[in-house]
Amino acid sequence: MKIVKKTIDKLGKWGIKWSLWPPHLVTACCGVEFGHAFGSAYDAERFGMLPMGSLRQSNVIIIEGTITLKMAKYIKYVYDQMPEPKYVLAMGACALKGGVFYGSYHMVPASNVVPVHGYISGCPPTPEGLLKAVTELQREIAAE
Amino acid sequence: MTEWPFNQRVGSTFFIDAEEKLLEGRRGMVLVVGPQHPGSGHMRLFVVLDGDLITEVVPDPGFVHRGVEKLAENRPYWTLIPLVEKASIMDSANITYPVVLALERALGLEPPPRAKYLRVLMAELSRVRTHLYDMALLGIFLGHSTAFMWSFAIQDLYAEVFAKITGARTTISYAVPGGVRRDIKPSHVELVEKLLAKTEAKLRDFKTLFLDNPVTRARLEGVGTLDAKAVAELGVVGPFARASGVRYDVRKVHPYDAYGELDFEIAVEKAGDAMARTLVRWREIYTSIDIARQILKSLPESDVIDQALLFKNPEYRREGISGVLGVYTYIYPELGEYHGMAEASRGLTYVQLFTTSSQRLYRMRLVTPSWRNLRAMVEAMRGQRLADMPAVYMSFGYFPPEADR
């Protein structure tokens, strides 16, 4: 019985690992490099990633840069509506601490809104950086 | 993890519990589109529907309002360029142009001819890239993901060339007061020539695939029509005004830097619908390629930074351009009010600087094209079918970070 459970668990993790689908939740200008990562040169789809219109069928939020106070509420809404297990990757210096907008009256660091699994530094980060974070996340999922 | 106090902010109007109640008393159904929607996101529209027809659209921008104008008041003037360019990062050579022009007037600097040409070169390459970006998103909005792939494949070449010339893929901060940050090498000239040839070759196929596609034409033609009078009344700028027959381009009306010496025609369409707005930008890509070729052919030989800055740092031969940029820390702008105006990819960008006698500004006003076009976008959606809303939305190239600043 134990072996069956272990095998199913492993299979489930393998499935999650290769089907990380982010919802279309573009929060700021890092969305440009996010687009490049899904373009034909970098092609994030080979890691099983595809931006999804519906958040009910997605399991990873990629926060693209700045979160403003106005957006923070909806990030939280989207995160709460997504099914478990769910992961968050935060792109860019703005999501870390504010970046070039540090001290703005309309900024929230990403970690104050949702639990973040991985940060990607840069302003904006390169698509390579994003894909590196994705592979790290996949490794983390497999090792859970 | 600390929970953000969403509802405890004093005087906040953002946190309304039931969005549908905002438009109470309107006839028909109120549909809330966004801020998470299958398009590009960070924008919310309240769409009032009568059956399938849109009777009214109330936009709710501000999801990417990061307070650029307020932040600019508390920073030294030379840090404005990386701050402002985040408004529209794929278009950074154009969006920082008015700031640089205004700062040059405040500091009394004059860029040498080579710097003027290099700035225009990067501005035009940026324009090609932005138009392709907008077309990629238009493709996604119409459900045509092949257009997205093709367009981003061409854009990636631009990102790589920008990285080679300036050191950054998107946020290039190329123009600085008094010149440009880096000179261009002979190998870069070859690179840009190759890039332009490759773009032209790829665009031919891209046109067959996307613009001449009967499905795309059916989705765009006759949708969201604005005539020249409406465009003038609503204050539309850039290619979206030119799509309705308004012949206005800052590059021609108030030529800045090298634009006065270059020979080019501005693209104007008459129809004023979504297709015309796309076609104007399509023709502008070719204009930009032509301008870039002219610049590469007649690139003058000189320094790339103003002599006045060079003489302030006697060590500049040893330290290179980075030593020259340190000079900004000990020059001061004249007290007064300065303006800068440039034609960004999506239209006129205007900057007004109120300087103090110190290195900090008193106030910066930044008027970006997407914000000016928002009103027209909403007007163009009125009377259309709901299914046509994405086509009208993206035909205006609306980029929320640029609009919200």
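Reply: A residue is called buried here if 20 or more other C-beta atoms lie within 10 Å of its own. By that criterion, buried residues make up 48% of the 144 residues in chain A of this predicted model. For chain B, 52% of the 405 residues count as buried.

A compact globule of 144 residues would have a radius of gyration near 15 Å, and the 16 Å of chain A agrees with that. The C-alpha trace of chain A spans about 55 × 35 × 25 Å along its principal axes. Among the contacts in chain A with a separation of 6 or more, 81% are accounted for by residues 24 or more positions apart.

Chain B contains 18 helices and eight strands. Its radius of gyration of 22 Å agrees with the value near 22 Å for a compact globule of 405 residues. Along the principal axes, the C-alpha atoms of chain B fill a box of roughly 70 × 55 × 45 Å. Residues 24 or more positions apart provide 68% of the contacts in chain B with a separation of 6 or more.

The part requested is the side of chain B that touches chain A. There, 36 residues of chain B are in contact with 40 residues of chain A. Three helices of chain B, namely H1 (68–72), H2 (80–85) and H6 (145–166), each supply at least two residues of this side. The largest share, five residues, comes from H6(B). By residue class, the side of chain B that touches chain A divides into 19 nonpolar, twelve polar and five charged residues.

A residue elsewhere in the description of chain B is B:Met122, which lies in helix H5 (residues 113–141). B:Met122 is buried because 26 other C-beta atoms lie within 10 Å, and the criterion asks for 20 or more. Leaving aside neighbours within four places in sequence, B:Met122 is in contact with B:Ala93, B:Ile172 and B:Tyr174. The C-alpha atoms of B:Met122 and B:Phe162 are separated by 8.4 Å, although the two residues are 40 residues apart along the chain.

Conventions: Residues are numbered from 1 along each chain as its sequence is written. Chains are lettered from A and ligands numbered from 1 in the order in which they are written. This is a predicted model: local features need pLDDT of at least 70, side-chain atom pairs count only at pLDDT 80 or more; totals for chains, interfaces and linings use all residues. Helices (H or I, at least four residues) and strands (E, at least two) are DSSP runs, numbered from the N terminus. The radius of gyration is taken over C-alpha atoms; the globule rule is 2.2 Å times the number of residues to the power 0.38. A residue is buried if 20 or more other C-beta atoms lie within 10 Å of its own, exposed if 12 or fewer, and partly exposed in between; C-beta atoms are placed from the backbone. Two residues are in contact if their C-beta atoms, placed from the backbone, lie within 7 Å. Ala, Val, Leu, Ile, Met, Phe, Trp, Tyr, Cys and Pro count as nonpolar, Asp, Glu, Lys and Arg as charged, and the others, Gly among them, as polar.
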